[in-house]
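Here's a walk through one protein model, taken piece by piece. Have the viewer open while you read.

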Amino acid sequence: MSNPQKPAERRVVITGVGLVSPLGSSPGEYAAALAEGRSGVTLREGSEVAPRVGGFATGFTGSIDNFGALEGDAKKAIRKGLKLMCRETQMAVAAAQHALADAGGIADTHPERFGVVLGSDYMLTLPEDYVDAIAKCADGGEFEYGRWGADGLDQMQPLWMLKYLPNMPASHIAIYNDLRGPNNSLTMRESGGLVAIGEAFRIIARGDADRMIAGATGTRVLPMQAIHALQAHDIPVSDDATADPATQSKPFDRTRVGMVCGEGAGMVALESLESAQARGARIYGEIVGYGSSVVADMTLKGKNDIAMASALKAAMADAGVTPTEVGHINADGVGAPDDDRAEAAAIRTALGNAADKVPVVALKSYFGALGGGSGVVELIGSLLALDATGPLAGKLPATLNHAEPDPECPIQVAAQPGTSTGDVLLKVNTTPQGQAAAVCVRRLA
């Protein structure tokens with residue numbers, strides 16, 4: 001007996017966006033900053049804690065007002081839950097609420113057909129959470145490790161661990177909105193956001209859900225995460241008090257010296273084209289392809305040139321798109337010498353001769369690396385640029401601080417405003433360990 005024919009996969013579109021970023025927490029604020037070429041990299045005033053220069057989401061305080069317009073029950077639940085959320089989780093929940101509102105809410109979708117996939121970094125405890133416990137084991141002298149179990153742990157907050165579990169953002173989002181569909185959490189650092197979108201895309205395409213929230217959250221500016229960033233990346237450090245923080249993040253520029261740290265979260269609402277059209281929803285674009293790859297050496301150092309090229313090729317193949325059809329690439333663009341060199345090589349490998357013409361934009365030049373949150377916040381920048389009626393008027397924002405092209409990065413960096421977005425975009429991100437992911441989005445005709 002022959003197998004029944006597999007049903008055609010459904011088309012998947014983006015109907016809502018939400019973010020928390022150094023350039024604001026609304027699509028309008030964000031698009032306006034990109035259109036103006038305004039950097040979100042600033043000096044952290046009155047602090048000696050590194051990093052002092054970074055992309056700080058200062059507008060996000062964790063107040064219930066940061067979560068958008070909420071109905072009574074949801075507002076009460078989120079306000080009560082704030083004490084169980086670290087900053088990254090708070091940003092994720094806020095970005096998700098903004099994306100759901102932007103998509104027109106959830107009232108017309110059955111809860112079992114609405115799910116969540118969320119990427120995150122490692123969520124690390126703040127030093128102040130340990131202060132009382134450490135003091136109890138030191139008694140004013142040297143810390144005694146042998147006392148930690150008996151004397152130290154009982155000084156920790158009872159619900160301390162719940163604040164930092166990486167599956168908590170997706171759990172909170174699902175609970176507050178009664179989303180009972182597929183739910184997954186991906187601790188894949190900088191690639192997590194695009195992998196989350198890729199998984200949500202597949203879930204809807206094969207018919208296992210009608211709508212999904214997908215995205216990621218992260219930080220590189222909190223103390224423990226900053227330590228990890230310093231171990232894995234070149235970080236620009238300047239003793240020049242007159243140096244302009246806004247000039248420090250310079251992806252693909254010959255004078256780049258390292259990655260600027262930041263914080264943020266980005267979420268997109270996905271749904272089947274059929275569902276979106278039935279609701280009369282606004283459509284930002286159609287996801288038409290997804291690819292991922294991981295390549296590392298024996299020491300677990302990523303071979304990002306190979307991994308990113310493979311992910312880009314896979315996304316184009318999945319979309320049925322040729323290199324000459326790509327309107328622009330939204331790059332990882334970390335701004336560190338080796339990372340950018342590897343990415344430029346990957347783009348040339350994936351696009352071939354078309355790399356001589358396809359514009360590349362690097363939005364970390366505006367706010368630095370937001371950890372796990374980077375990829376989706378950057379993707380949202382491209383989605384907003386596709387809108388001919390918005391502040392960007394269908395044009396790419398200029399990559400900031402790209403004054404001297406690097407011969408070792410032979411790609412077409414969009415360094416001036418006014419470059420057309422084209423109708424097809426590729427977004428790519430990677431991790432230091434060589435986990436790369438890419439998504440392909442087409443403007444819906």
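## Two helices crossing

Let's start with a helix pair. Helix 11 (residues 304–319) and helix 12 (residues 337–351) have axes that come within 8 Å and cross at roughly 35 degrees. The axes here are lines fitted to C-alpha atoms, for helices over the stretch in contact, with angles running from 0 to 180 degrees between N-to-C directions. The helices and strands themselves are DSSP runs (H or I, at least four residues, for helices; E, at least two, for strands), numbered from the N terminus. The crossing of helix 11 and helix 12 is right-handed, meaning that the near helix is turned clockwise from the far one by less than a right angle.

Which residues meet there? On the helix 11 side they are Asn304, Asp305, Met308, Ala309, Leu312, Lys313 and Met316, and on the helix 12 side Ala342, Glu343, Ala345, Ala346, Ile347, Thr349, Ala350 and Leu351. Contact means heavy atoms within 4.5 Å. Sorted by class, this contact has 10 nonpolar, 2 polar and 3 charged residues. In that scheme Ala, Val, Leu, Ile, Met, Phe, Trp, Tyr, Cys and Pro count as nonpolar, Asp, Glu, Lys and Arg as charged, and the others, Gly among them, as polar.

## Ground rules

This is a predicted model: local features need pLDDT of at least 70 and side-chain atom pairs count only at pLDDT 80 or more, while totals for chains, interfaces and linings use all residues. Residues are numbered from 1 along each chain as its sequence is written, and side-chain values use heavy atoms, with hydrogens and water left out.

## The whole chain

The protein chain has 14 helices and 13 strands. Its radius of gyration is 22 Å, which agrees with the value near 22 Å for a compact globule with 445 residues. That radius is taken over C-alpha atoms, and the globule rule is 2.2 Å times the number of residues to the power 0.38. Along its principal axes the C-alpha trace spans about 65 × 55 × 50 Å.

Buried residues make up 56% of the 445; buried means under 20% relative accessible area, exposed over 50%, and partly exposed in between (1.4 Å probe, protein chains only). Among contacts in the chain with a separation of 6 or more, 78% come from residues 24 or more positions apart.

Strand 13 (residues 435–442) has 7 of its 8 residues buried, so it is largely enclosed by the rest of the structure. Strand 8 (residues 285–294) pairs with strand 13 in the antiparallel sense over 8 bridges, where pairing takes at least two bridges found by DSSP. Strand 12 (residues 424–430) is also antiparallel to strand 13, over 7 bridges, with Leu425 opposite Val441. Strands 12 and 13 form a hairpin with 4 residues between them, and Gly434 in the turn has a positive phi of about 85 degrees.

Ala436 sits in strand 13 and is the bridge partner of Ser293. How buried is Ala436? Its relative accessible area is 0%. Leaving aside residues up to four places away in sequence, Ala436 touches Gly291, Ser292, Ser293, Ala307, Met308, Ala311, Asn429 and Thr430.

## Strand 4 and helix 7

All 7 residues of strand 4 (114–120) are buried. Phe114, Val116, Leu118 and Ser120 point one way, and Gly115, Val117 and Gly119 the other. Strand 4 runs parallel to strand 6 (residues 211–219), joined by 7 bridges, and is also parallel to strand 5, joined by 4 bridges. Val116 has Ile213 as its bridge partner in strand 6 and stands opposite Asn183 in strand 5.

Helix 7 (residues 168–177) has 8 of its 10 residues buried, so the rest of the structure largely encloses it. What covers those buried residues? The cover includes helix 2 (72–81), helix 3 (87–102), strand 4, helix 6 (160–164) and strand 5 (183–186).

## Gly16

Gly16 lies in strand 1 (residues 12–20) and is buried, with a relative accessible area of 0%. Its C-alpha atom is 6.4 Å from that of Leu100, 84 residues apart along the chain. Beyond residues up to four places away in sequence, Gly16 touches Ala99, Asp102, Ala103, Met267, Val268, Ala269 and Tyr284.
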